[in-house]
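Let's look at what stands behind the labels we put on a protein model. Here is the structure to talk through.

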Amino acid sequence: IKIKMSKAIIGITTPNTPLHAAYYFIKLGVWLCGGKPIPLKTLESIKSAKIDGLIVGGGTDIFPKLFQEAPKERYKYDRERDEMEIAWLKKAEADHIPVLGICRGAQMMNVMHGGTLHLNVAEAYENAHYPKTLIRKVFFRKAITIEPNSLLHSLCAHTNMRVNSMHTQSIAKTGDGFIVSAEETNGVVQAIENPAHPYYLGVQFHPEFLLYRPAIRAIFHGLVQAAKSQLPSAS
């Protein structure tokens with residue numbers, strides 16, 4: 001009898017708008033690592049989508065009142081997406097679903113557990129001025145240091161890496177249960193994780209735009225494998 005494992009279904013949160021480039025690159029990362037990616041765009045997806053792993057994607061800023069800060073004037077927040085992602089994160093924890101947060105996603109994981117954010121990373125840290133135009137953001141790289149005994153280190157097998165920089169906010173106080181597993185020399189947090197879970201990782205950079213590097217693909221591979229480990233075998 002040949003035993004065939006089903007593909008792990010990885011839900012990817014995204015705005016309730018036409019899907020953007022980042023989603024398709026995340027989708028590619030999941031597919032390359034043997035998972036089946038599906039979009040999660042509305043709160044209704046909680047009732048209709050069955051997932052084995054969750055990726056909370058990047059995008060617009062989280063509504064600041066969720067972490068006791070004042071909203072920016074004339075900034076358009078996506079409150080519906082905030083609500084959806086909080087609901088999915090709660091479900092993932094209740095059902096022991098592995099989670100990867102990317103940029104905004106890492107920040108949402110942190111905020112949901114009582115953490116806070118810096119609304120402007122350049123104002124919060126010295127030597128934290130990064131490119132602002134899209135083209136320069138795509139090609140710019142900065143050095144991060146990864147904690148040796150962390151999940152991120154076990155995945156990437158590197159203590160030092162260079163990553164992209166596409167964020168204007170950053171994690172300030174870490175949420176309950178989280179440790180900082182990567183940061184820049186200036187102190188900007190680049191990864192958090194909760195050691196109480198087999199795979200509960202948030203990265204501030206965008207690994208989906210660095211898929212040509214095996215160490216970065218390993219982040220997606222680790223998520224898919226963690227999701228697969230919970231699947232029943234099908235004959």
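Q: Which residues of helix H3 are called buried, and what makes them so?
A: In this predicted model, the buried residues of H3 are Arg 81, Asp 82, Met 84, Glu 85, Ile 86, Trp 88, Leu 89 and Ala 92.

Q: How do you know what span to expect of H3, and what span does H3 reach?
A: Helix H3 covers residues 79–94, which makes 16 residues. Just after the helix, His 96 takes a positive phi of about 60°.

Q: Why is helix H4 described as largely enclosed?
A: Eight of the nine residues of H4 are buried, so the rest of the structure largely encloses this helix. The buried ones are Arg 104, Gly 105, Ala 106, Gln 107, Met 108, Met 109, Asn 110 and Val 111. H4 is followed by Gly 114, whose phi is positive, near 90°.

Q: What makes the phi of Cys 103 worth a remark, and is this residue buried or exposed?
A: Cys 103 has a positive phi of about 55° although it is not a glycine. Most residues other than glycine have a negative phi. Cys 103 is found in the loop between strand S4 (99–102) and H4. Its relative accessibility is 7%, and the limit for buried is under 20%, so Cys 103 counts as buried.

Q: What is the label for Ala 143, and why?
A: Ala 143, found in strand S6, has a relative accessible area of 41%. That value lies between the 20% and 50% limits, so Ala 143 is called partly exposed. The C-alpha atoms of Ala 143 and Thr 185 are separated by 7.8 Å, with the two residues 42 apart along the chain.

Q: How do you know that strands S6 and S9 pair?
A: Two strands pair if there are at least two bridges between them. Strand S6 (residues 142–146) and strand S9 (residues 179–183) have two bridges, in the antiparallel sense, so they qualify. Thr 145 stands opposite Glu 183 in S9. S9 also pairs with strand S10 (residues 189–193), antiparallel and over four bridges. In S10, Glu 193 is the bridge partner of Ile 179. The hairpin of S9 and S10 has five residues between the strands, and there Gly 187 takes a positive phi near 100°.

Q: Which strands does S1 pair with in the parallel sense?
A: Strand S1 (residues 9–13) is joined by five bridges to strand S2 (residues 36–40), and by four bridges to strand S3 (residues 53–56). Ile 9 has Lys 36 of S2 as its bridge partner, whereas Thr 13 stands opposite Val 56 in S3. Four of the five residues of S1 are buried, so the strand is mostly covered.

Q: What makes the β-α-β unit of S1, H1 and S2 right-handed?
A: The test is to view the strands pointing away from you: the path from the first strand over the helix to the second must run clockwise. The unit made by S1, H1 and S2 is right-handed, so its path runs clockwise in that view.

Q: How many residues line the largest pocket, and which helix gives the most to the lining?
A: The largest pocket holds about 430 Å³ of space. Of its 20 lining residues, the closest to the centre are Gly 58, Gly 59, Thr 60, Met 166 and His 206. Helices H1 (21–32), H4 (104–112) and H6 (134–139) each supply at least two lining residues, and H1 gives the most, with three. The lining divides into eight nonpolar, nine polar and three charged residues.

Notes:
Residues numbered from 1 in each chain as written. Predicted model: local features only at pLDDT ≥ 70, side-chain atom pairs only at ≥ 80, totals over all residues. Heavy atoms only, no water. 1 Å grid on protein atoms, 1.4 Å probe; cavity = no way out; pocket = protein on both sides within 12 Å on 5 of 7 lines; lining within 4 Å. Points joined across faces, edges and corners; volume = space filled by probe spheres on them. Nonpolar A, V, L, I, M, F, W, Y, C, P; charged D, E, K, R; others polar. Buried < 20%, exposed > 50% of the residue type's maximum accessible area, 1.4 Å probe, protein only. Expected span 1.5 Å × (residues − 1).
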